[in-house]
Amino acid sequence: MNEFPYKAFISYSHKNSRLAAWLMKRLEAYRIPRHVGSAAAGGNDQKRLGKIFRDREELPASGSLDVKLREAIGNSEFLIVLCSPDSAKSSRVNTEIRQFIEHRDSAKILCFIIEGEPNFEVPGIRSDEGCIPAELRKLHLLTGQIPLAADARSIGDGKKLALQKIVAGLLEVDLDELLRRDIRRKYRRLSVIAGSSFIVALMATGLMLRANIAEDAAREALTEAELQTARAENLVSFMLEDLASTKLRQLGRVDVMDAVVAKIVDHYNGQDDVSLSTSALARKARAYTQLGRLYLGRDERDMASSLFSRAYQKTTALLERDPQSRDALFAHMISLYFIGTNHIFNGRYAAAEKAWRERLEVSKGLSAYNDHVRVVWSHLGDINVHLGWALMELGRTEEALQQFELGLAARQANADRQPDNIQWLNSLAGGYYHLQWAQRALGQLDEAYKNTKTSNRLYRRLAEEDPTDQRALGNYARSLRWMAETEIVVGRNSDAINHLMKSIDLHDQLLTYEPDNMTFQYQGCVSTVVLAELHWRLGDKASAEAVMNSGCSTRATTLAFDHFKVHQRFHGYRLALLQADIARDNGDIARSIELNQQIQRQWRSETAEVINSLTGMRVMLGLAIQCVELAKYNGSLPSARTKLAKAIADAEGSAISKSPSWTILLDRARSLFSQTEVSIDQGR
């Protein structure tokens with residue numbers, strides 16, 4: 001049993017009283033899943049967290065406030081601080097934190113971030129934007145301790161997952177285990193609840209059709225229909241939140257996910273858009289977008305495309321209702337973003353360009369305003385950059401360069417708009433990276449090298465400002481590889497090797513803390529491949545093999561040449577080609593030929609658009625070179641040489657012929673073609 005009368009004391013600014021009341025009610029009403037409750041209670045079956053103290057709820061009008069507060073704090077096992085700019089400036093909140101630390105273990109403090117920016121480290125955040133009270137920042141400076149923080153902001157965990165984090169902290173259990181148990185409990189009830197709610201809604205619709213029987217009956221049916229519709233919408237909202245936040249696929253509940261999605265889609269498909277209110281239609285569009293993202297992550301491309309198309313239809317309808325509505329313009333931009341992203345992932349670059357050009361046109365309606373919230377400014381800063389990405393793969397590098405320049409200017413304007421908010425530097429650093437990508441492809445090496453260094457410097461600054469920010473450290477680790485790729489082109493191979501080794505080391509560190517983070521896995525593997533390729537090209541085959549054997553333990557799923565994301569597939573081809581080269585150099589010809597044949601089979605399944613893309617040209621040239629080098633072992637030299645000739649001609653007619661990044665590979669292909677001509681003549 002809990003020895004404290006209160007499980008937790010909620011400390012907050014009176015300006016945040018509504019959220020404090022919401023949190024208190026949710027915590028006191030929370031039912032602890034079986035086994036989790038038993039473990040947390042030392043074997044007893046604990047069903048509820050216990051009482052939560054919120055001073056304006058608990059304190060009577062009479063009596064000494066200070067005495068009551070001190071008693072309540074001393075009688076509370078945990079302190080939950082609602083973090084916002086208002087609470088950060090509240091002397092009352094800071095006093096409550098100080099009193100708790102005097103009587104209780106500071107490790108029992110939990111932060112529930114509702115607004116503002118977390119500023120434990122202080123630099124880079126304006127005082128009116130920081131949300132961490134001074135007493136917690138002082139605690140961090142003295143002890144290095146950062147309380148468990150649940151980020152309820154829409155750009156963070158969101159309210160639902162943040163609540164779960166607080167519950168896990170109060171129970172002192174692992175969040176993943178709590179989520180698993182909670183999912184199992186909820187979804188045992190879900191099919192019954194979902195089925196009955198939708199059936200009742202259907203019955204209500206039937207009642208409405210008979211409304212002409214009598215006015216009173218019609219009114220009663222309408223009231224019932226509205227009630228059932230509201231219940232169905234609440235259920236849909238509940239299911240969408242769970243699908244988005246609890247990662248059912250990772251918990252092995254794909255079957256449940258499919259069943260839930262089917263019910264949601266059936267529900268929305270049965271609605272008449274014309275009769276829906278604007279807010280209901282917007283909710284429908286968001287639902288289709290959320291579901292499309294889920295299926296995109298599962299590599300179910302047709303379903304994802306269908307859902308994104310439905311979202312697009314709904315946001316188009318929203319714009320038709322009110323072409324000047326900022327909310328409708330932004331919703332349409334979001335649906336176009338995901339349509340384009342889906343195309344990019346599948347190597348449909350022309351379709352991505354089309355979607356993102358329409359997105360650019362839609363954004364012009366928003367650009368007339370200067371009072372957007374941060375998330376809108378962020379998307380406006382991304383539009384030109386994303387369009388440039390599609391243009392790069394289409395081989396239209398000069399057009400891409402223009403878009404990257406516009407994108408960098410937009411991101412710089414965002415950074416200038418809030419000069420004290422250092423987080424804008426993240427998108428600014430990405431803008432410099434994309435600019436140098438196009439410059440490197442066009443042979444503008446001095447400018448590319450300069451912008452690569454600027455990008456790396458900005459990412460490093462962000463990582464140094466907050467050493468606990470995993471995302472910032474991951475971006476810095478990735479930028480080290482970008483730096484190395486430019487250094488390879490300009491002949492600074494020693495610097496490139498050092499930067500690649502550091503990139504790999506940092507990704508290994510990140511994966512120690514987040515072993516299942518697919519982004520860290522992928523980026524670390526790519527750095528491994530680039531380093532091994534460089535060692536191999538420089539003639540250090542032992543180092544190349546050592547790097548391949550020691551790095552990227554997850555390469556089988558992260559860099560597979562049959563991966564559903566085409567950009568990861570491209571790196572999978574590079575990895576397999578290098579493995580085949582190393583096997584050949586080690587005398588394992590059979591293994592090398594086997595790998596080469598596997599690559600060829602997969603490559604033949606690619607679309608013409610993928611093969612002829614900027615990155616595809618590089619893979620095709622590397623594959624043609626390898627086929628010729630293996631031809632003397634399998635007797636296919638004449639046909640391999642013909643394919644090499646075609647690959648050279650295609651490359652020379654594409655954008656990569658202008659890029660020093662691929663000059664080494666192209667020169668190698670030409671040299672090999674000449675050598676094999678001599679070999680064939682001598683053989684005759």
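This briefing walks through a few strands, the nonpolar cores and some salt bridges. Please keep in mind that the model is predicted. Its largest nonpolar core has 102 residues, and the structure holds 30 salt bridges.

**Strands**
- Strand β1 (residues 6-11) runs parallel to β3, joined by 5 bridges, and Ile10 has Ile80 in β3 as its bridge partner.
- Strand β4 (residues 109-113) also pairs with β3 in the parallel sense, over 5 bridges; here Cys83 has Ile113 in β4 as its bridge partner.

**Nonpolar cores**
- In the largest core, the residues with the most contacts inside it are Met392, Phe404, Trp603, Leu621 and Leu644.
- Helix α28 (residues 614-634) gives the most to this core, with 11 residues.
- Apart from this core lies another, of 26 residues, including Tyr12 and Val167.
- Leaving aside residues up to four places away in sequence, Trp603 touches several residues, among them Phe570, Tyr573 and Leu623.

**Salt bridges**
- Arg326 and Asp371 meet through their side chains at 2.6 Å, N to O. Arg326 lies in helix α14 and Asp371 in the loop between α15 and α16, so the pair ties together parts that are 45 residues apart in sequence.
- Arg326 is partly exposed, at 28% relative accessible area, while Asp371 is exposed, at 52%.
- Arg574 and Glu533 form a salt bridge at 2.5 Å, N to O, linking helix α25 with helix α22. Arg574 counts as buried at 13% relative accessibility, and Glu533 is buried at 16%.

Key
Residues numbered from 1 in each chain as written. Predicted model: local features only at pLDDT ≥ 70, side-chain atom pairs only at ≥ 80, totals over all residues. Heavy atoms only, no water. Pairing = 2+ DSSP bridges. Helix = DSSP H or I, 4+ residues; strand = E, 2+ residues; numbered from the N terminus. Core = buried A, V, L, I, M, F, W, Y, C linked by side-chain atoms within 4.5 Å. Buried < 20%, exposed > 50% of the residue type's maximum accessible area, 1.4 Å probe, protein only. Contact = heavy atoms within 4.5 Å. Salt bridge = Lys/Arg side-chain N within 4 Å of Asp/Glu carboxyl O.
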